[in-house]
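Visitor: I have a model open and would like to learn how to read it feature by feature. Could you walk me through it?
Guide: Gladly; let us bring it up.

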Amino acid sequence: MIRLLDQYDLTAYNTFHLHSTAERFFEFTETEDLLLFLRYEGLGERHLILGGGSNMLFQKHIPGLVIHPNIPGIVEVDEDRNQIYWEAGAGVEWDELVDRAVKFELGGLENLSLIPGKVGAAPVQNIGAYGAEIGERIELVRFIHLESGKMMELKGEDCHFAYRDSIFKNELKNKVVITSVIFRLDKFPEYKLDYGSLKAEVEKLGKTDLESIRQSVISIREAKLPDPKVIGNAGSFFKNPVIDLDLARDLTAQYPHLPVYPLGDAQVKLAAAWLIDHCGWKGYRKGDAGVHEHQALVLVNYGKASGEELIDLSHQIRNTVQAKFHVLLEPEVNIIG
Ligand code: EPU
């Protein structure tokens, strides 16, 4: 199936629920559809690849072509003693895949429950939560290389996965469209319960298995993070900043409660949420743009905020954090327009 539309309204295609119009919009459900499109229509001057729109902030008008891969399907492609390999289409809802793996008692995805978005976007920013990152589970990524119009693939170990980062955000940025991903799932799962309150939450349920971990992650997320179906948001707006040890020492001397996570010998990662919170932003609202009341890292659209208003708010937040802590916050969401 393909759909090719001009001046297409993207409100339903971004979890911030921002009104935005794509100059041209191309949705497809089979790899071949995009290959044919490239051959006969061509890419044009500008293009954007859009998955679930759960990590994007749209301005009013998106010039050029928006490509929306919507390839369905989850199939088992291989099996060995300890693992099963599932290939999922780029258009599969991420949480549907997690749910299915948990139901089949296959481990590896459960800590990543309830993350919004589609399978095709998961490798791009190496989605992560509660002590797990998807890069650890990716066997292979298949994609179309736009310039050559050829199908290609990359092994997980060659995707340069790092904190919210991969080759798809760097060398291959905008050059490829991911069509499917092969995941490595464990038949004999080892549980990861070390992050924050996860273990305590699982213990409340009285048993430790994939289903109870999934339910616990869902409860923690629902308590802290706004449901994008109800309040427009794109999860964490900024990345957790990485700083040098010297600055970290100065800051912890001044702010003994500052959460600090060691990263190698010379750097540490800080909690952006804590920094923003301690600049007094949590619960702030101006018009329909605001900072979530339970998670200072999440900017929200209460109704009719524009992308421009949210960008403006993010600049104010970044400036106050820089002035108070000398730390520069980088957006995690992609600003488009
Ligand atoms: N904190 C505050 N104020 C707040 C919220 C948190 O001071 O308003 C403090 C907490 O007390 C904690 C620290 O900040 O010490 C970290 O908070 P949390 O555990 O909630 O995690 P996070 O670093 O804010 C990251 C991911 C989330 C992911 C959670 C859980 C990033 C940018 N964000 O948030 O991912 O769900 O960990 O693993 O790495 C996303 O990417 O969209 C996302 C939601």
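Visitor: Is His17 buried, exposed or partly exposed?
Guide: Before that, a word on the basis: this is a predicted model, where local features need pLDDT of at least 70, side-chain atom pairs count only at pLDDT 80 or more, and totals for chains, interfaces and linings use all residues. Residues are numbered from 1 along each chain as its sequence is written, and side-chain values use heavy atoms, with hydrogens and water left out. Now the idea: buried means under 20% relative accessible area, exposed over 50%, and partly exposed in between, with a 1.4 Å probe and protein chains only. His17 has a relative accessible area of 29%, so it is partly exposed. His17 sits in the loop between β1 (2-9) and β2 (21-28); such elements are DSSP runs numbered from the N terminus, helices being H or I with at least four residues and strands E with at least two.

Visitor: Which residues can show me the buried and exposed classes?
Guide: Asn111, at 3% relative accessibility, counts as buried, while Asp265, at 76%, counts as exposed. Asp265 belongs to the loop between β15 (260-263) and β16 (267-270). Asn111 belongs to the loop between α2 (94-103) and β8 (128-129).

Visitor: Which residues are closest to the ligand?
Guide: Here a residue is near a molecule if one of its heavy atoms lies within 4 Å of it. The ligand is surrounded by 23 residues, the closest being Tyr130, Tyr163, Arg164, Tyr195 and Asp277. Tyr163 places a polar side-chain atom 2.7 Å from a ligand oxygen atom. For Arg164 the corresponding distance from a polar side-chain atom to a ligand oxygen is 2.7 Å, and for Glu332 it is 3.2 Å.

Visitor: How much of the ligand does the protein bury?
Guide: Accessible areas come from the Shrake-Rupley method with a 1.4 Å probe; for residues, only the protein chains shown count as cover. Taken alone, the ligand exposes 820 Å², and the protein buries 82% of that.

Visitor: Which element gives the most residues to the shell around the ligand?
Guide: That is α6, with three residues. The elements that contribute two or more are α4 (210-224), β13 (232-236) and α6 (272-277).

Visitor: Why is the ligand said to lie between two domains?
Guide: Domain bounds come from an automatic or database domain assignment. Domain 2 (74-224) and domain 3 (232-336) both give residues to the shell around the ligand, so the ligand lies between them.

Visitor: And how many helices and strands does the protein have?
Guide: The protein has seven helices and 20 strands. Its C-alpha trace spans about 60 × 50 × 40 Å along the principal axes, and buried residues make up 50% of the 337 residues.

Methods
Polar contact = N/O pair within 3.5 Å; in protein donor to acceptor, adjacent residues only side chain to side chain.
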